[in-house]
Amino acid sequence: MPKNKKRNTPHRGGSGGGGSGAAAATAATAGGQHRSVQPFSDEDASIETMSHCSGYSDPSSFPEDGPEVLDEEGTQEDLEYKLKGFIDLTLDKNAKTRQAALESIKNALASKMLYEFILERRMTLTDSIERCLKKGKGDERRAAAALASVLCIQLGPGIESEEVLKTLGPILKKIICDSTASLQARQSCATCFGVCCFIATDDITELYSTLECLENLFTKSYVKEKDTAVCSAPSTALHISSLLAWTLLLTICPINEVKKKLEMHFHKLPSLLSSDDVNMRIAAGESLALLFELARGMESDFLYEDMESLTQMLKALATDGNKHRAKVDKRKQRSVFRDVLRAVEERDFPTETVKFGPERMYIDCWVKKLTYDTFKEVLGSGMQYHLQSNEFLRNVFELGPPVMLDAATLKSMKIPRFERHLYNSAAFKARTKARSKCRDKRADVGEFF
């Protein structure tokens with residue numbers, strides 16, 4: 001070999017440059033060799049976009065033109081190898097490196113079921129999350145809380161997730177109540193606290209304590225007697241997360257506790273409908289619809305005292321045309337509040353269908369909708385994969401045991417990229433023609449007048 005050639009010179013396509021600390025990190029194998037540890041990106045987390053080369057692929061997502069025989073065991077080993085490297089990097093001195101490692105582990109767990117792997121390393125992962133929550137700052141805490149949520153989703157209800165909640169619960173509560181902490185971190189911790197408690201808590205007093213902690217946040221947005229509207233504040237996003245987490249936990253409370261909470265909040269919650277923040281108005285509306293559903297489930301002849309005033313407010317939001325509000329916000333708000341109004345007035349819910357693989361799930365009530373939306377927010381694009389494979393989520397949504405499919409069936413289900421492109425192009429052309437016709441009609445009407 002010529003002297004100017006080095007044996008260990010890395011390939012130019014290796015861990016190249018300029019990203020987060022974890023992107024350039026390396027992890028040692030048992031034999032002393034070193035391999036580049038690449039982080040999970042958002043693209044890796046998407047089941048549809050995972051490539052065979054990345055080592056994170058799901059058998060159903062391999063391209064049709066790829067190799068005939070896939071070494072699934074080798075792929076799993078490569079994935080676990082990279083995850084071990086990321087777990088080690090959560091102890092790094094650099095905050096950005098720790099944050100990137102936490103996010104990479106979270107993306108991996110959101111996109112693939114790794115129960116056996118994390119069961120062996122549960123204590124190590126919990127210790128890493130605890131350390132990052134205690135000593136980290138805003139973004140690192142946010143990433144640690146997000147990882148804790150996915151960890152509990154992977155573990156499901158049981159002793160292991162109870163231990164995770166027992167360790168992290170007091171720290172999450174402390175951050176949530178700390179007004180000096182980053183709002184993004186507090187928001188992520190509020191969602192995490194609600195999700196982990198929903199999955200793991202077996203102690204009714206702990207459940208009530210969590211509800212109270214979350215109540216103390218979102219009730220700060222209630223309209224005071226001297227005020228007429230809720231002004232948007234930097235903490236509004238935190239109040240929204242705490243309200244949604246509180247509503248989720250209310251769905252698993254005993255009937256007596258639900259009645260108590262309804263008496264406390266049923267007449268105060270509508271004040272949030274006048275908030276300046278569209279997301280707060282929507283969260284309040286959906287929470288109200290769910291409370292009506294719970295109340296009518298306990299008492300079929302339930303009557304709300306100030307029904308006329310509430311329905312007028314809901315109708316105004318369902319037909320809102322205020323010019324000072326963005327078009328996107330108005331469109332989203334009107335769509336949601338039409339459904340909320342139907343729920344309050346007619347006890348009706350517009351059934352939604354969620355397709356994943358060969359299966360489909362019907363969301364036919366507000367409890368199921370809020371539960372689905374919460375877990376989708378945590379898992380992102382990995383939600384469909386977990387609906388297929390995660391026994392805990394399948395139990396929550398009453399889907400039964402996971403459906404086992406062979407490779408040939410999975411391959412036959414996959415639509416070729418060229419066909420998807422043709423379908424999308426045809427749909428785009430159809431939408432364009434429809435818009436053009438609509439504009440032409442408006443122009444004719446304008447000329448007539």
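I take helix axes as lines fitted to C-alpha atoms over the stretch in contact, with angles running from 0 to 180 degrees between N-to-C directions. Helices (H or I, at least four residues) and strands (E, at least two) are DSSP runs, which I number from the N terminus.

**Entry 1: the model.** I am working on a predicted model, in which local features need pLDDT of at least 70 and side-chain atom pairs count only at pLDDT 80 or more, while totals for chains, interfaces and linings use all residues. Residues are numbered from 1 along each chain as its sequence is written, and side-chain values use heavy atoms, with hydrogens and water left out.

**Entry 2: the whole chain.** I looked up the secondary structure and found 19 helices and four strands. Of the 449 residues, 44% count as buried (under 20% relative accessible area; exposed is over 50%, partly exposed in between; 1.4 Å probe, protein chains only). The chain exposes about 24900 Å², and 51% of that comes from carbon and sulfur atoms; the areas are from the Shrake-Rupley method with a 1.4 Å probe, and for residues only the protein chains shown count as cover. For contacts (heavy atoms within 4.5 Å) with a separation of 6 or more, I noted that 65% join residues 24 or more positions apart.

**Entry 3: helix 8 and helix 10.** I looked up how helix 8 (residues 183-200) packs on helix 10 (residues 236-250): the angle is about 5° and the axes are 9 Å apart. The two helices are therefore roughly parallel to each other (angles under 35 degrees; over 145 is roughly antiparallel, 65 to 115 roughly perpendicular, the rest oblique). On the helix 8 side I listed Leu-183, Arg-186, Gln-187, Ala-190, Thr-191, Gly-194, Cys-197 and Phe-198, which meet Ala-237, Leu-238, Ser-241, Ser-242, Ala-245, Leu-248 and Leu-249 of helix 10. The residues of this contact divide into nine nonpolar, five polar and one charged (Ala, Val, Leu, Ile, Met, Phe, Trp, Tyr, Cys and Pro are nonpolar, Asp, Glu, Lys and Arg charged, the others, Gly among them, polar).

**Entry 4: strand 3 and strand 4.** Strand 3 (residues 352-356) pairs with strand 4 in the antiparallel sense over five bridges; pairing takes at least two DSSP bridges. I find Val-354 opposite Met-361 in strand 4. Two residues lie between the strands of this hairpin, where Gly-357 takes a positive phi near 60°.

**Entry 5: Leu-151.** I located Leu-151 in helix 6 (residues 138-155). It counts as buried because its relative accessibility is 1%. Beyond its neighbours within four places in sequence, Leu-151 touches Ile-118, Leu-125, Thr-126, Ile-129 and Val-164. Tyr-115 is 36 residues from Leu-151 in sequence, with 9.3 Å from C-alpha to C-alpha.

Entry 6: Arg-347 is not a glycine, yet has a positive phi of about 55°. I place it in the loop between helix 14 (327-346) and strand 3. Arg-347 counts as partly exposed, at 48% relative accessibility. Glu-398, also not a glycine, has a positive phi of about 55°. Its loop runs between helix 17 (391-396) and helix 18 (407-413), and Glu-398 is exposed at a relative accessible area of 70%.
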